[in-house]
Amino acid sequence: MKVSQESARARRAAAKKPPRAKLLRKGNLLAEACPSREVLMHMTSRWGVLVLLVLEQGTHRFSELRRAIGGVSERMLAQTLQWLERDGLVDRVAYAVVPPHVEYSLSPLGTQAARRVRALADWIEDSLPSVLSERAKRAAG
């Protein structure tokens, strides 16, 4: 009797936990060691968001991206592109010509990410007057 109660408890406990395969398919941003945090950092970094928004419009060379994103240094743009490429969000194509010719575009996964970032960017731009008004109220009072 005791063995069957213990095995019943074990089955109930196992039923409450998601299968291990499901845990590996989906991240948990709130968990300190979850790798999804690194992807979130890359996508939503100051420059990551802007790179995704520019590449959403089409393929660009490095210098075109740098001109399109005001204020980004060459070093930070290169680092951001490397992060986004490693995460599978950006595709990089290097042509074997002199001088070197490299183009960046969104991967299918990057296109999905850019759509979501675009929704946030649109909300920010639409809500900016309200945000600025709230800032002024809170600074005054």
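In what order do the elements of the chain run from the N terminus on?

A: The model is predicted, with pLDDT of at least 70 required for local features and 80 or more for side-chain atom pairs, while totals for chains, interfaces and linings use all residues. Residues are numbered from 1 along each chain, and side-chain values use heavy atoms, leaving out hydrogens and water.

From the N terminus on, the order is α-α-α-α-β-α-α-β-β-α, which comprises seven helices and three strands (DSSP runs, H or I of at least four residues for helices and E of at least two for strands, numbered from the N terminus). The chain has 141 residues, of which 25% are buried (under 20% relative accessible area, 1.4 Å probe, protein chains only). Among its contacts (heavy atoms within 4.5 Å) with a separation of 6 or more, 45% join residues 24 or more positions apart.

As for the part requested, helix α3 covers residues 36–44 and helix α4 covers residues 46–55. Their axes (lines fitted to C-alpha atoms over the stretch in contact, with angles from 0 to 180 degrees between N-to-C directions) lie 4 Å apart and form an angle of about 65 degrees. Helix α3 is therefore roughly perpendicular to α4 (65 to 115 degrees). On the α3 side, the residues that meet α4 are H42, M43 and T44. Their partners in α4 are R46, G48, V49 and L52.

How values were computed
Buried means under 20% relative accessible area, exposed over 50%, partly exposed in between (1.4 Å probe, protein chains only). Angles under 35 degrees count as roughly parallel, over 145 as roughly antiparallel, 65 to 115 as roughly perpendicular and the rest as oblique.
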